[in-house]
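Subject: Structure handover

Hello,

Here is the structure we talked about handing over. My notes on it follow below.

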Amino acid sequence: MNTGNAVAAQVLMRIAGDNSILLSGSQGDSLPLGDLQPGASAEISLELVVSSTAKDGAQGQPVKLSYLQDGEAKEVATSLTVNVAKANNPAPLMLLSAYDVGADYLQPGDQFTLNMTLQNVGRGDASNLLVTFGTVETTSNPGPEGTPGGMDQSSTTPSTTFAPIGAGGTLYVGEVEADDGEVTLTQDFIVNGSTTSGIYSLPITLRYQKPDGTEAKEEFKASVVVIAPPRLSFSLQSPLPESVNVGEPFAIPLTISNTGTTTITVKSVTAEAENGEVIEGADTATEPIKGDEDTTINVMVSALDEGPVKVTLTLHYINDLNQDATIIQAYEVSAMLPPEMPDDMIPQEEIPTEPTTEEDDEDDTVGRILLGLLGLGS
């Protein structure tokens with residue numbers, strides 16, 4: 001229950017912690033509860049498995065509640081009491097002890113490999129283990145009246161979000177020994193291209209034989225985060241020059257368009273340059289872009305030396321799961337040294353003349369008179 005006076009957003013309950021006696025069941029050990037308004041409560045039903053190492057009697061189990069309050073992550077640690085009874089009949093107990101998909105989140109159309117570890121924490125072997133990626137339903141096929149029943153029939157409902165690649169969706173494992181016997185499996189998948197952002201469950205069904213000859217079935221769900229990228233397009237208002245001169249600035253006028261119908265919370269656009277200096281637009285704050293609208297960014301860069309100049313623009317935004325994310329656009333131009341000026345266009349320096357003195361003027365006058373008398377001057 002939310003006993004406060006503010007909304008607890010994206011509440012997640014997890015039954016885990018040090019010395020945990022309850023292990024993940026078919027639904028995992030975590031359960032998202034969504035948003036809880038002030039005074040609201042949520043009833044929770046989560047199937048879990050008692051650890052084979054748990055002691056008899058009343059035992060404490062850690063519980064963690066995490067949520068967002070005004071965008072800030074909060075966590076509450078508490079516990080519950082579990083009465084553990086002693087098990088007498090040896091039987092297998094299979095767990096999905098670990099799994100990963102190779103990334104924190106996937107995008108629609110991504111191909112990925114599921115790596116998972118199955119563990120038998122029971123006291124009996126699990127024989128003829130079959131692992132199916134989907135939900136398996138078994139129906140009995142009774143024979144005619146007075147005759148033994150026919151063979152049971154099973155049908156598999158695969159995931160509509162994750163499709164297996166390179167196999168039919170069922171793997172034969174064989175025997176998994178009791179007392180923490182493990183097996184590691186891998187399977188390739190592809191994410192449905194029309195999947196929207198969210199946390200999805202990949203169903204995994206185990207079918208095996210117990211030591212007493214009876215059949216058992218366990219169902220697990222691996223949680224996979226899928227984030228659809230924002231529908232943003234990037235276009236230059238004018239083409240970039242093929243080459244620029246070193247030291248001369250050039251512009252990257254960029255238009256960012258939201259081709260979707262929902263508003264995208266764009267926070268800023270930052271610019272960095274290799275072999276260049278960003279002289280304008282290094283960090284540009286932006287407003288959210290509504291559907292079918294756009295915004296413009298202008299970046300000015302000056303080349304530092306001849307050779308390629310690579311400009312990287314990073315768009316910072318909030319994705320559908322309220323997380324910081326980025327989109328990177330890169331542009332490149334070639335820089336060259338400016339051409340040398342011809343010699344006849346280079347301004348010549350005037351040679352300064354030494355100032356004359358009165359004695360020089362008198363000598364010059366006498367010289368002109370002598371030249372005149374000899375008929376050699378004017």
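Threonine 214 touches Tyr208 and Gln209, leaving out residues up to four places away in sequence; contact means heavy atoms within 4.5 Å. Its place is the loop between strand E15 (198-209) and strand E16 (215-226). The side chains of threonine 214 and aspartate 212 are joined by a polar contact of 2.7 Å. A polar contact is a pair of N or O atoms within 3.5 Å; within protein, one must be able to donate a hydrogen and the other to accept it, and residues adjacent in sequence count only if both atoms are side-chain atoms. Threonine 214 is partly exposed, with a relative accessible area of 36% (buried is under 20%, exposed over 50%, partly exposed in between; 1.4 Å probe, protein chains only).

Some background on the source. This is a predicted model, in which local features need pLDDT of at least 70 and side-chain atom pairs count only at pLDDT 80 or more, while totals for chains, interfaces and linings use all residues. Residues are numbered from 1 along each chain as its sequence is written, and side-chain values use heavy atoms, with hydrogens and water left out.

Overall, the protein has one helix and 25 strands (DSSP runs numbered from the N terminus: helices are H or I of at least four residues, strands are E of at least two). Of its 378 residues, 31% count as buried. Among contacts between residues at least 6 apart in sequence, 67% join residues at least 24 apart. The accessible surface is about 23,400 Å², and carbon and sulfur atoms hold 48% of it (Shrake-Rupley method, 1.4 Å probe; for residues, only the protein chains shown count as cover).

Strand E1 (residues 8-14) is joined to E3 by five bridges, and methionine 13 has leucine 31 in E3 as its bridge partner.

Isoleucine 15 is in the loop between E1 and strand E2 (22-24). This residue is buried, at 5% relative accessible area. Beyond four places in sequence, isoleucine 15 has contacts that include Leu22, Leu46, Leu48, Val63 and Leu80. Lysine 64 is 49 residues from isoleucine 15 in sequence, but the C-alpha to C-alpha distance is 6.6 Å.

A further open sheet of four strands runs E17-E19-E23-E21, also with antiparallel pairing. Here E17 (232-236) and E21 (276-280) are the edge strands. E21 and strand E23 (residues 294-303) pair over four bridges; glutamate 280 has methionine 300 in E23 as its bridge partner.

On packing, the largest nonpolar core has 28 residues, and those with the most contacts inside it include Leu114, Met116 and Ile204 (a core is a set of buried Ala, Val, Leu, Ile, Met, Phe, Trp, Tyr and Cys residues joined through side-chain atoms within 4.5 Å). E16 gives the largest share of this core, five residues. Another core, of 27 residues, lies apart from it, with Leu232 and Val299 among its members.

Regards

Note on methods
Pairing = 2+ DSSP bridges.
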